[in-house]
Amino acid sequence: MMGYVLEVKNVDKYYGNKSNLTKAISGISFNVEYGEFVGIMGASGSGKTTLLNCISTIDRVTAGEILIDHQDVTKLKGNSLNKFRREKLGFIFQDFNLLDTLTAYENIALALTIQKVNANEIDKRVQEVAEKLEITDILQKYPYQISGGQKQRVASCRAIITNPKIVLADEPTGALDSKSARQLLEAFESLNQKLGATILMVTHDAFTASYADRIIFIKDGKIFNELIKGNDTRKQFFEKIIEVQTLLGGDLNDVI
Amino acid sequence: MLFKLSVKNMKKSIKDYAIYFLTLVLGVAIFYMFNSLDSQQAMLEVSESTRDLIELMINMLGVISVFIAIILGFLIVYANNFLINRRKKEFGIYMTLGMGRRQISKIILLETILVGFLSLIVGLFVGVFASQFMSILVAKLFEADMTEYTFVFSMNSCIKTCVYFAIMYLAVMIFNTLTISRYKLINLLTATKKNEKIRIKNPIVSVIILIIAVCILGYAYWKVTAGISNLNTIEKMLGPIIMGIIGTVLVFWSLSGFILKMIQSRKKTYLKGTNMFVLRQLNNKINTTVVSMSVICLMLFVTITVLSSSLSLKNTMSKDLEEMTPADLNLYKTANLPESYENYYTGETVYYTDEQKEDSRNPVSYSLEYNGYDMNLLQDIVEIPIYAIPEWTWEVSLGDYFDTAKAQFAMLTYHMPETIIKISDYNKIAALYGNEQYSLADDEYMVLCDFDSMVELRNGGLKSGTIIEINGKKYHPKYEECKSGYIMMSTSHTNTGIVLVPDNFEFKDEWKEQYFLAANYNGKTEDEKEKIEETIVGNSSEWSQNILNKGIEIEGFTKISIIEASKGLSTIIVFIAIYLGIIFLIASSAILALKQLTESSDNKQRYTILRKIGCDEKMNNQALFRQIAIFFMLPLILAVIHSIFGIQFGLSAMASLASSEELLPSIIATIIIIGGIYGLYFLATYLGSKNIIKEEE
């Protein structure tokens, strides 16, 4: 693959008016390569969710550029923006966001039907993806009949079935118990490694983050640090993350 | 402070209030319109000769208005309850800020008063203008002269409307205060988090139930159309009605599952755009709305049927009337007045004057001529005496059948003497009317009767071959059943029985009961005839002054007065039907709309999810539109199917001869009324829901 799937260039995001300005993000720049699994970490209020919202086109930046698949999403408007979001992005949310009236199968298929994909192909693709995430046996069940981990895997299926350029995951393990969280993260790993899916994951949990290839730490709207897993084992990587987190959380300046 | 808050709240939730406001305004407008009928110009123009009927109509509308007010009252409380529920969280916040229940009650009280006041003004405004249009309808129904148009405002109706609605608002206030006083803070704050348990029905069961429902409905339809001849009592009519209700409920119970199953098997349709989502929404919600959907469907059915058959009632009644009024004039008076009679109320003995007694020994034409009436104004005059023989009573006529009859109709006055006419006298009248003439042998008699329940009774007597003995001569019935015929014109078939006897029947002079005269007016145009009518009916002419002074009583019917009276009667029915129909329509539309809005709050989450996975606003709105449209269309479609059979039944029950072409205008009018009101509610629901799902989290 050529270049980067995501290029964030000098992005600023301010809230409020001139007299009372809050800088949620100021001057953040980073790139994500094709097939990379990137984690974004930060305490609550650090601006990580704002950043994700800007990337996912839900929110608009104040300044700067965000290029996804070489296209500047900050310039997109109206229907082309919706189309872009439908076709190029996949979303995974903390609270699953599955439709309670639809079966797991239908929840996954819905992502394709709104893209007007041919009915026969929908069936084929849903089966394919479900198999990869090992949820074939719960496809006909309704969300209230399955566990949180299963729900999140259904949501993951829905996110990747459209073959998005990048999957954006917002605290995907936030509502899961540790066992389900581990299963889900393993599923992410296999999506990333076997299907070559690019994943950008926002989390504040070190264990969850340790599954990523690279972690960007954000503090007060700025990039604070970056960790690359490289050849480390996950355990080593996890310890490094904890170290950075300690730094992040207990800045000497704050403890006067 | 509280007032400010109330006004702000209203402004903020103006879209939530839309349905409530719409219902109030429509309710007020309709209420005003129908209660202002008496002062409408068209009514005044037409009513002179049918004042009594108009009065009757006003009285009936008054009684019905109370009933309507109760329906509207419930509806308003229901709609208001929806609003309160929507705002539970808001009240919860007020309470955490330290506001007491009384203050919250006060806020709501102020809001109710504000909305009530506003809707009353707008509703009256709409009502006053709409009633001008209704004048045109009135004029059409009464064929009144509307060349001189004036703007009408009915103060009476206005005051009545205000009073009734004030009472309704009072009920709402009491209800609100009660509701608020029962709230617990924790429930208020977490009110939005309640989730409805989703029940999924077995699709195969759905299909089977639907088939059963269709069979039940089909059988009920068959009963009210092809099998209508068997439906001659109320009890028998209950069958199809109950079947219709059960069928309707079952259809709604099973339909969504069936549709889902059907479309699911057509993958191309199911897996297209938001179809899947909309269908699931339908399937999910319809489970919990079976009862309300059924009620709405049945209400719509009643509305459609009543509106379209009553609007065509006027035509059919007029047609009947032409047949029932073959001559211009019927006059009759009592023959052989006795010396005196006892006043029924005071018990005094009243003596007749010589003039009265003299007059009563002569036919009607004598009274006319002798008192100076110009007989040239009349033509085709036929005069006959009507007899009554004290010993020939109904009981005698019924013979052996009397006991059976008595058991069946205990209340009839069987000791009443029969009305008896000579056959040749009757034939003279029949010739004038263009009715069938009969002949009798010397020892035969026959009975004319066209009042349905009496026909049944009399046929019993005739079938048993009752022999009548008068003056030592025996008479036996020529026919085993009553023949149709009458001598006095009326709005419908009300002849309870006339006995025809041979010409050589020997009547004693004291048996002469009445003198009867039938004639046509000697005029060619309607105008001329109406002028002649005035000479008979009016009090100003010389002869009428004369007979008034002498105390001679002549009664009668004229073609013109019968037609006018009947027009009044059919108009009463039409108006009451329209009144009730529209209120029913408003009620069912409002309930449906509020149900949808309540659900939209639940749906908000789902539409947010759709948006998150990439549906744009257009797709979302489309899905919402289809969802609401289906909810509005389903009961309407079933109601229309019901109505196709219901209208046919209604028409045949009214013995109407209306062809489909005559029905067309009234059906079009019905479509306009229903389309207008239903459409308005649909639109309000769609816009309201759109607003709800758009709200930020």
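**Helix packing in chain A**

α3(A) passes α5(A) in a right-handed crossing; a crossing is right-handed if the near helix is turned clockwise from the far one by less than a right angle, and left-handed if anticlockwise. The model is predicted: local features need pLDDT of at least 70 and side-chain atom pairs count only at pLDDT 80 or more, while totals for chains, interfaces and linings use all residues. Residues are numbered from 1 along each chain as its sequence is written, and chains are lettered from A and ligands numbered from 1 in the order in which they are written.

The axes of helix α3 (residues 104-113) and helix α5 (residues 148-160), both of chain A, cross at roughly 25° and come within 7 Å. Axes are lines fitted to C-alpha atoms, for helices over the stretch in contact, and angles run from 0 to 180 degrees between N-to-C directions. The crossing angle makes α3(A) roughly parallel to α5(A), a label for angles under 35 degrees. Helices (H or I, at least four residues) and strands (E, at least two) are DSSP runs, numbered from the N terminus.

From α3(A), A:Ala104, A:Asn107, A:Ile108 and A:Ala111 meet A:Val154, A:Cys157 and A:Arg158 of α5(A); contact requires C-beta atoms, placed from the backbone, within 7 Å. By class, this contact of α3(A) with α5(A) has 5 nonpolar, 1 polar and 1 charged residues. Ala, Val, Leu, Ile, Met, Phe, Trp, Tyr, Cys and Pro count as nonpolar, Asp, Glu, Lys and Arg as charged, and the others, Gly among them, as polar.

**The sheet of chain A**

An open, antiparallel sheet of 4 strands in chain A has the order β2-β1-β4-β5. Its edges are β2 (20-33) and β5 (71-72), each with a single partner strand, so one side of each is left without a neighbour in the sheet.

Strands β1 (residues 4-17) and β4 (residues 63-68) of chain A pair in the antiparallel sense over 5 bridges; pairing requires at least two DSSP bridges. Opposite A:Val8 stands A:Ile66 in β4(A).

**Contact between the chains**

In chain A, 23 residues are in contact with 20 residues of chain B. On the chain A side, α2 (78-88), α3 and α4 (119-132) each supply at least two residues. The largest share, 5 residues, comes from α3(A). By class, this side of chain A has 12 nonpolar, 5 polar and 6 charged residues.

**Chain B**

Chain B has 24 helices and 11 strands. Of its 697 residues, 40% are buried, that is, with 20 or more other C-beta atoms within 10 Å of their own, C-beta atoms being placed from the backbone.

How values were computed: Angles under 35 degrees count as roughly parallel, over 145 as roughly antiparallel, 65 to 115 as roughly perpendicular and the rest as oblique. Two residues are in contact if their C-beta atoms, placed from the backbone, lie within 7 Å. A residue is buried if 20 or more other C-beta atoms lie within 10 Å of its own, exposed if 12 or fewer, and partly exposed in between; C-beta atoms are placed from the backbone.
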